[in-house]
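Me: Got a model open here and I'd like to talk through some strands and helices. Can you help me read it?

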Amino acid sequence: MRLISALMAVLLVVSACTTSVPDQLGADGKPLPRLYRIKDKDTSKIQFRMVDSVNALRSASGLGAVELDSKLVAAAATHSRDMSIQNRPWHFGSDGSSPIDRVARVGYTGTLTGEAISETYETELQTLGAWMEDPGPRAVILDPNAKHMGFSWHQEGNGKIWWTLVMGAPASLAPAPAESFLDVAAAAIPQ
């Protein structure tokens, strides 16, 4: 009996020394979401889930589908990493480049129709939802001229994700070039 009592006392002491991490609560009292970690093996799943979701939104608006374009994906990936380095979500690169410059650098022969960016801890679909609630990024996603899409991200060690979505139109379908980058991206700049 003494042995059992001693073991119980040791278990109580050991359990008192361990810490449990309670769920963190948001301002509304609900648990905050767990950190969304993206693994390398998830890249194609995330990209195709996003293009499918964009196409569902476009279809619901009576627009044609877009397809992933590897050159636009490269431009989006470059900009996501660059925004992380600059630690600010904006449309200009650390070298002063605009989205027009970046799509030209990767060899995209069509025309940029717009870019949407985000700095968040949210998933790609939560980010798409937020973009659709903002008139600027919504106009980029639902641009009737867009036929190609690039989508990529950069996730920092702390979990913050820098998302970039780039839309383009083939040269044969592209609208007349904008007078400036600001004309193209004004819709995508958050107010």
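Me: Which residue is the bridge partner of M149 in β4?
Reply: M149 pairs with M167 in β4. Bear in mind that this is a predicted model, where local features need pLDDT of at least 70, side-chain atom pairs count only at pLDDT 80 or more, and totals for chains, interfaces and linings use all residues. Residues are numbered from 1 along each chain as its sequence is written, and side-chain values use heavy atoms, with hydrogens and water left out.

Me: How many bridges link β3 and β4?
Reply: Strand β3 (residues 148–155) pairs with β4 in the antiparallel sense over 8 bridges; strands are DSSP runs of E, at least two residues, and helices are H or I runs of at least four, numbered from the N terminus. Pairing takes at least two DSSP bridges between two strands. β3 and β4 form a hairpin with 5 residues between them, and G159 in that turn has a positive phi of about 100 degrees.

Me: And β4 itself, buried or exposed?
Reply: Mostly covered: 9 of the 9 residues in β4 (161–169) are buried, meaning under 20% relative accessible area with a 1.4 Å probe, protein chains only.

Me: Switching to helices, how do α2 and α5 cross?
Reply: The axes of α2 (residues 43–60) and α5 (residues 124–133) come within 10 Å and cross at roughly 30 degrees. That makes α2 roughly parallel to α5, a label for angles under 35 degrees. Axes are lines fitted to C-alpha atoms over the stretch in contact, with angles running from 0 to 180 degrees between N-to-C directions.

Notes. Buried means under 20% relative accessible area, exposed over 50%, partly exposed in between (1.4 Å probe, protein chains only). Angles under 35 degrees count as roughly parallel, over 145 as roughly antiparallel, 65 to 115 as roughly perpendicular and the rest as oblique.
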